[in-house]
Amino acid sequence: MKKESSHEPGRKYGMVIDLDKCTGCGSCMVACMAENNVSFKEDESNKLDSITWMRVYRLTNNKPFPETEIRYLPRPCMHCGGKGDLGHSPCVSVCPATATDYDHKTGIVSQIYTRCFGCRYCMAACPYHARYFNWWDPIWPADLKKSLSPNVSPRMRGVVEKCSFCFHRYQLAMERAYNEDRRELEEAEYQTACTQACPAGAIVFGDLNNPDHAVHTLKDHPNAFRLLERLGTNPKVYYISDREWVRRSGDNYLNNEKTNTKPAVQEHHS
Amino acid sequence: MDSAFIPKGVKRCSFGTFSLGMLVLTAIVFWGFYAAILCWLKGLNQTNMNDSYGFALWIWADLAVIAIGGGAFFTGLLRYVIGLDELKNIINFAVIVGFCCYCSAMLILAIDIGQPLRGWFIFWHANVHSMLTEVAFCLSLYLSVLAIEYIPILLENRKIDEVPFFHNLGHTMHGAMAVFAATGAFLSCFHQGSLGGVTGVLFGRPFGYREGIFVWPWTFFLYTWSAAACGPCFTMLTCKITEKISGKKLVKDNVYDLLGKISGWMIGTYMVAKIADTLYWAYVTSPSLGFAVMDYYNAHPLHHGIWILILEIVICGVLPAMILISRKGRANATLFTLATILAVIGVCLNRWVMVMTPMAMPVMTFDSWVSYFPSWQEVATTILPLAGGIMIVSLSFRYLPVFPQEQELNPVD
Amino acid sequence: MKIDRRSFLALGIGAAAGTAFTPLPWKLTDDLSIWTQNWPWTPVPEDGDAYYDHSVCTLCPGGCGILVRKINDRIVKIEGMPSHPVNRGGICALGISGPQLLYGPDRVIAPMKRSGARGEGKWTTLSWDDAIAEVLDRLKKLEADNKTEHLACICDTDRGTVPQLFKRMLSLFGSPNFMTTPSMYDSYEAVLKKMHGRKDTLDIGFDFENTDFILSFGSGVIEGWGSPVRMIMANSAWKTKKAKQIQIEQRLSNTAASSNGLFAVKPGTEADLALGLACVIMEEELYDKAFTGAYSTGFPEFRNMVTKNYNPDVVAEKTGIERHLIIELARHFASAGTSSLAICGRGKGQTAGSMMEFMAVHSLNALVGKINTPGGVWSVEHPDYIPWAKEMNVRAAIAGKKRIDEAGSPVYPDSLSLLNRLPSKILESKESPIEMLFVSNANPAYTLAGTDKVIEALGKIPFIVSFSSYMDETADQADLILPNHIYLERYQDVPVRGGLARPVIGLTRPVVEPQYDTMHSGDVVLKLAKGLGGQVGEGFPWDDYKDCLEKTMADRWKELEETGFWTDEAYQPKPWAGAFGGTYGKFAFSDTILPLPDLEGDVKDYPLILIPKESMRISSSHIGDTPFTVKTVPDTELKGKTLVIEINPRTGKEQGLADGKDAVLKTPLGQVRVKVSFFEGIMPGLMAMPKGLGHTAYGKYLKGKGASYNALVGPMEDPVSGQDISWGIRARISRV
Ligand SMILES: Nc1nc2c(c(=O)[nH]1)N[C@H]1C(S)=C(S)[C@@H](COP(=O)(O)OP(=O)(O)OC[C@H]3O[C@@H](n4cnc5c(=O)[nH]c(N)nc54)[C@H](O)[C@@H]3O)O[C@H]1N2
Ligand SMILES: Nc1nc2c(c(=O)[nH]1)N[C@H]1C(S)=C(S)[C@@H](COP(=O)(O)OP(=O)(O)OC[C@H]3O[C@@H](n4cnc5c(=O)[nH]c(N)nc54)[C@H](O)[C@@H]3O)O[C@H]1N2
Ligand code: SF4
Ligand code: SF4
Ligand code: SF4
Ligand code: SF4
Ligand code: SF4
Ligand SMILES: [Mo]
């Protein structure tokens with residue numbers, strides 16, 4: 001793991017997803033597959049071996065009809081900062097071959113497919129099931145190879161893959177910015193494919209550290225919460241819902257405990 | 001037929017009987033290799049693992065064989081470093097069993113990873129923060145040490161020993177064995193510990209996660225301790241099985257008694273630590289993460305019920321410790337054997353639970369428990385090293401002077 | 001030199017050590033590293049400069065603008081067009097996976113002629129010239145036999161130049177039998193005809209962006225109803241401005257889940273609730289007197305009928321909704337913020353609805369004066385841009401010829417097309433009254449209710465020509481397939497009929513060269529017309545389809561080419577004075593209530609009701625799903641190849657079922673093996689089945705997955721419009 005930069009706070013890309021707006025339509029899932037050359041196979045109904053960097057879960061309050069409620073929860077990789085937000089994400093800290101890394105410049109957790117040797121320790125470490133193993137050789141039949149994007153390399157059998165916050169889009173944006181002699185990105189210059197596609201506008205993406213970005217304010221919404229806050233994974237994906245049962249679904253609570261509304265933001269300043 | 005190779009002064013079964021046994025084992029080994037080749041050529045879709053169950057039978061088998069292979073390092077430590085001389089009568093066997101266990105672990109790992117040809121990246125691009133890196137380094141180094149410890153035993157084969165070079169080499173190596181044993185003990189301590197660390201550091205998996213000191217979770221120490229405690233039990237158990245099969249006494253009772261007593265105290269102290277750890281985990285760590293201890297055991301009473309904890313701690317922990325600590329318990333051959341069996345089951349069960357439950361258990365509230373049953377390929381490749389191990393032990397027993405007391409206990413008329 | 005053991009050993013060790021100092025092991029290791037990272041069978045996408053081209057998606061009636069990302073001549077991504085008035089950058093899952101349709105394995109890659117039995121899937125390719133010659137031969141024979149009306153054509157819609165070219169060819173040839181795939185728009189059009197009294201065709205529009213209260217009678221607002229992306233965006237806007245949406249439905253659809261309240265009426269009593277609400281509004285004098293007074297006719301009669309038959313007590317009894325809730329809802333609807341509106345058309349609106357329900361709901365809007373007002377329901381004039389569609393001489397060619405489906409006849413005067421009546425008409429006659437059928441952009445063998453009967457009827461038609469780009473169920477039954485370019489390879493105007501509050505015409509553009517040996521259906525029609533010659537040939541004075549399109553679009557062409565769409569930004573609906581036609585130029589309330597047909601099936605044999613469950617993740621129209629969209633289907637809808645049925649746990653247990661276990665589902669039309677998913681979000685006594693699965697055509701990513709809803713339900717004819725208004729069927733389920 002690289003040493004943290006000590007002079008600047010750095011960018012910290014993240015998302016705020018409004019669960020009350022999410023319709024469960026699946027655009028984000030497919031946008032991600034199309035953007036990132038995610039493979040597919042004949043049967044994808046076994047969700048335990050189906051590669052979906054973005055997966056939309058259905059949450060329910062389990063009350064009897066007609067008091068039943070549901071919400072959809074889109075789950076990309078949380079790009080966990082780990083305890084103290086030091087970059088020791090659950091997965092990064094365990095990968096024996098440094099095939100997944102925490103980028104302190106962006107807060108993005110990378111995945112290096114050609115270095116991963118498929119031990120799956122990172123998957124055991126990730127409580128969000130954000131990581132997917134290539135159990136099969138990816139196959140694009142007929143002319144479907146033509147639809148592959150050169151910006152993201154297709155993965156081979158036997159390696160792990162996951163949401164990258166569309167890192168190639170960041171790189172392309174930075175490249176453009178540098179060509180124009182700029183060092184900073186506007187909010188709109190770097191947006192992920194899922195954010196861009198979402199017809200409900202439920203996903204907001206940006207630099208959590210940048211006051212000019214919408215996520216900076218949204219993350220402090222009184223109804224904002226993160227998944228499994230108590231584990232200290234320090235995710236960069238926040239959710240908002242006006243339903244208490246939804247917020248409570250975000251974490252594990254003992255029966256007598258109250259739902260925690262305010263994320264215990266673990267910041268680290270060095 | 002092969003009598004020229006059989007150590008002097010001991011009696012072995014007929015070559016025919018031996019060959020028949022080896023044939024059966026070879027068949028099993030081939031079956032296992034067939035499965036392994038399927039996994040290598042077609043990929044891990046040959047298994048029943050999935051994205052939730054990325055660690056499964058194989059990782060358990062790895063942790064388990066290494067735990068029970070712990071008899072080698074611990075007996076070595078007692079014999080060469082602490083200087084308990086009686087143990088020289090079982091140390092050869094302990095080393096061979098340990099060697100088999102570690103070979104098994106290596107082989108299983110080579111099948112388990114998705115890109116076996118990139119396995120060396122773990123050394124090349126090592127991430128020092130990863131417990132698995134520590135495992136890989138210690139495992140390979142300790143396997144080398146075991147190989148070095150095994151070589152002098154090999155060289156004692158009647159025919160090989162006839163070559164002066166090998167005779168001298170064996171002699172020299174024997175002399176240096178204390179150094180290797182010490183190195184091995186040190187490596188193995190870390191190795192066993194880092195395996196404990198593998199699940200213990202997973203702070204995203206409340207069932208496996210343990211607090212600890214520095215970078216080491218408590219499981220780091222518990223694994224080392226439990227391997228030291230239960231490993232010798234496996235050595236003694238396999239030794240007793242060898243006695244049973246060969247139909248003769250190979251090690252004197254005082255050796256068993258000594259190793260059993262030490263094991264008993266080790267298991268006893270381990271149990272104190274394990275129970276303390278369990279209580280702290282159940283009443284402090286877990287609740288702070290939002291889990292009541294019964295959340296782990298309620299969902300699937302059959303696979304993940306509280307019975308498994310009771311079985312591990314009381315029946316396969318406290319009970320064998322009590323038997324082995326008490327003089328009467330050790331004196332009763334049946335009880336003694338039962339205690340070693342329970343201890344071995346206990347440590348394997350511990351590794352099982354630490355691998356399976358964290359995978360099966362949902363952490364996100366809207367996720368569900370996952371069940372898993374290994375495919376035949378997984379079973380075959382797990383049995384493969386077992387059969388291989390039996391072959392190595394049998395060959396060693398037949399052709400090498402493994403047990404110094406055998407002649408004395410079984411005079412050939 | 002004598003090689004003894006010792007020197008051999010030394011040599012070996014020496015060699016090993018020596019080799020270690022050569023580059024060999026490092027080179028091998030490096031090679032191994034490279035090889036394991038680059039397996040030759042893992043594709044390496046060709047790089048190139050990325051650029052975007054604009055077009056319009058035609059995969060559903062939504063009409064979204066798209067930006068197509070290209071690398072060299074390959075399409076690598078489809079994104080929403082931010083400047084497009086319909087979708088403003090948003091896009092749905094199906095729209096994104098367009099490249100998989102373009103390059104996918106299910107395309108028909110050349111003209112094909114059937115060489116085995118119908119549906120057997122045996123084909124031989126032939127040249128376009130031969131294929132067109134064969135169709136011409138058969139057309140000429142019909143002409144010679146004076147049986148021109150025995151030619152029929154099914155299109156997805158009658159809007160736009162391509163369907164109109166088909167229609168024109170049929171008319172000039174002498175056949176009135178141009179039919180379109182049914183949808184809720186058929187019902188809305190009939191309502192506008194009946195209640196607005198206008199002879200010209202109007203589009204129904206909803207000013208969702210400016211409304212504060214939406215009362216939805218089972219419409220899947222965020223599940224594909226109307227223009228799907230626009231609706232999801234509107235839904236989000238409602239959340240932001242805290243507008244209220246109330247859903248009337250029997251299960252917790254995504255729309256219901258996202259709404260501010262679910263009114264779970266007994267199935268089939270939606271119209272009763274609408275009239276009950278009307279009753280309260282009238283009794284409490286909450287209605288818009290200005291509207292009912294000066295701009296409507298028939299109001300007193302309507303009021304009499306409703307107050308007599310639909311008072312809250314009666315409606316509470318019928319619908320199962322408590323009286324006070326009905327009254328509160330009515331008050332809320334009548335007095336919400338600046339505007340409220342009521343909508344209907346179930347699910348995605350892919351089926352027509354009963355005239356009773358549609359008229360009752362439209363009457364509600366009228367009562368509160370929300371017709372053609374901001375935030376209300378609009379009748380939108382569409383931009384009559386195809387002058388040649390109205391030429392009188394074209395109509396004259398079919399004067400006196402009867403439509404087989406009786407649409408527009410005195411029995412069903414307000415319906416333009418009744419495709420649902422075609423199968424029974426064919427099956428009733430000894431010889432099929434249709435001898436030749438064209439199918440373009442439609443898949444009746446899958447999308448019409450009662451699949452078995454539809455296929456049996458198709459089987460009686462001597463010659464079927466499919467214009468499908470994909471190997472779908474209808475293409476499977478065809479004799480000849482003349483594959484169209486897909487939308488990414490062709491020009492086509494796309495007038496949007498998605499309930500938009502203003503007219504929008506999109507332009508589909510060929511963003512890539514045709515990938516296979518396909519031909520634009522517009523060009524095929526032109527070739528056929530010219531081949532027929534005479535009156536037909538003369539009716540098509542264009543060089544090719546593009547020429548026709550450019551000339552038709554006239555002044556709008558340049559704007560369309562450049563921006564991808566044309567719209568009237570400032571469109572406002574006609575004010576009340578002048579909005580309505582008929583004898584009095586007023587809105588016409590109606591007091592005629594024709595009873596609805598009963599749900600098919602006997603209650604004793606079939607104690608439960610099966611309803612469809614629609615979702616944005618499954619396409620249930622003539623477009624089949626892609627590998628990507630199938631991947632998004634949850635395992636509570638499809639498991640392996642087995643369909644999963646949603647059922648309330650209470651009902652499930654009563655039927656002896658267990659969650660996740662297999663069962664047999666049976667309706668009067670057929671039975672299928674399913675898995676059961678217990679879900680609290682469905683009314684006890686009902687079962688919901690995902691719609692859009694169970695294809696018997698297409699390739700391995702879609703074929704044979706799950707079961708088809710349409711195969712298990714039959715059509716249910718509306719007594720007024722003649723349209724199929726089936727919304728479910730009686731069913732039973734048992735453990736296996
Ligand atoms: N998600 C994500 N996307 C990224 C980046 C990122 O960090 N994350 N980084 C961006 C940057 S900086 C770069 S340079 C690109 C790199 O993008 P790629 O060029 O796709 O690089 P890799 O991911 O290293 O994968 C290289 C692939 O190219 C093929 N390949 C490599 N060498 C050879 C060869 O000698 N012969 C043939 N025939 N094939 C070969 C192999 O199939 C291999 O899978 O990715 C960009 N996109
Ligand atoms: N493990 C592993 N390591 C890899 C790779 C891999 O596949 N696996 N891929 C390799 C490849 S292909 C690449 S490209 C690298 C990417 O690795 P890096 O070069 O670290 O790439 P970035 O993370 O994009 O960081 C580039 C930084 O340089 C700065 N920068 C960019 N342009 C300019 C400029 O014009 N002038 C100045 N002064 N600064 C600039 C920006 O601030 C940005 O933070 O990683 C390489 N390292
Ligand atoms: S695209 Fe948006 S609305 Fe649709 S499922 Fe994803 S987050 Fe939800
Ligand atoms: S969500 Fe999982 S994969 Fe992503 S950073 Fe966190 S632990 Fe790693
Ligand atoms: S599977 Fe790959 S990324 Fe994950 S821990 Fe192992 S080597 Fe690292
Ligand atoms: S951020 Fe990019 S990689 Fe991650 S889920 Fe969204 S589209 Fe996929
Ligand atoms: S909503 Fe319809 S028109 Fe819009 S992108 Fe999706 S399929 Fe295409
Ligand atoms: Mo790069």
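**Aromatic pairs and burial**

Analyst: Over all chains, the structure holds 65 aromatic pairs. Rings of Phe, Tyr and Trp (its six-membered ring) pair if their centres lie within 6.5 Å; planes under 30 degrees apart count as stacked, over 60 as edge-to-face and the rest as tilted.

User: Why does the pair C:Trp35 and C:Trp39 count as tilted?

Analyst: A pair of aromatic rings is described by the distance of the centres and the angle of the planes. For C:Trp35 and C:Trp39 the centres are 6.1 Å apart and the planes are at 40°, so the pair is tilted. This is a predicted model: local features need pLDDT of at least 70, side-chain atom pairs count only at pLDDT 80 or more, and totals for chains, interfaces and linings use all residues. Residues are numbered from 1 along each chain as its sequence is written, chains are lettered from A and ligands numbered from 1 in the order in which they are written, and side-chain values use heavy atoms, with hydrogens and water left out.

User: Is C:Trp39 buried or exposed?

Analyst: Buried means under 20% relative accessible area, exposed over 50%, partly exposed in between (1.4 Å probe, protein chains only). C:Trp39 has 7%, so C:Trp39 is buried. C:Trp35 has 39% and counts as partly exposed.

User: Which residues form one aromatic cluster?

Analyst: Among them are C:Tyr287, C:Phe291, C:Trp576 and C:Phe589.

User: How many of the residues in chain A are buried?

Analyst: Buried residues make up 67% of the 270 in chain A.
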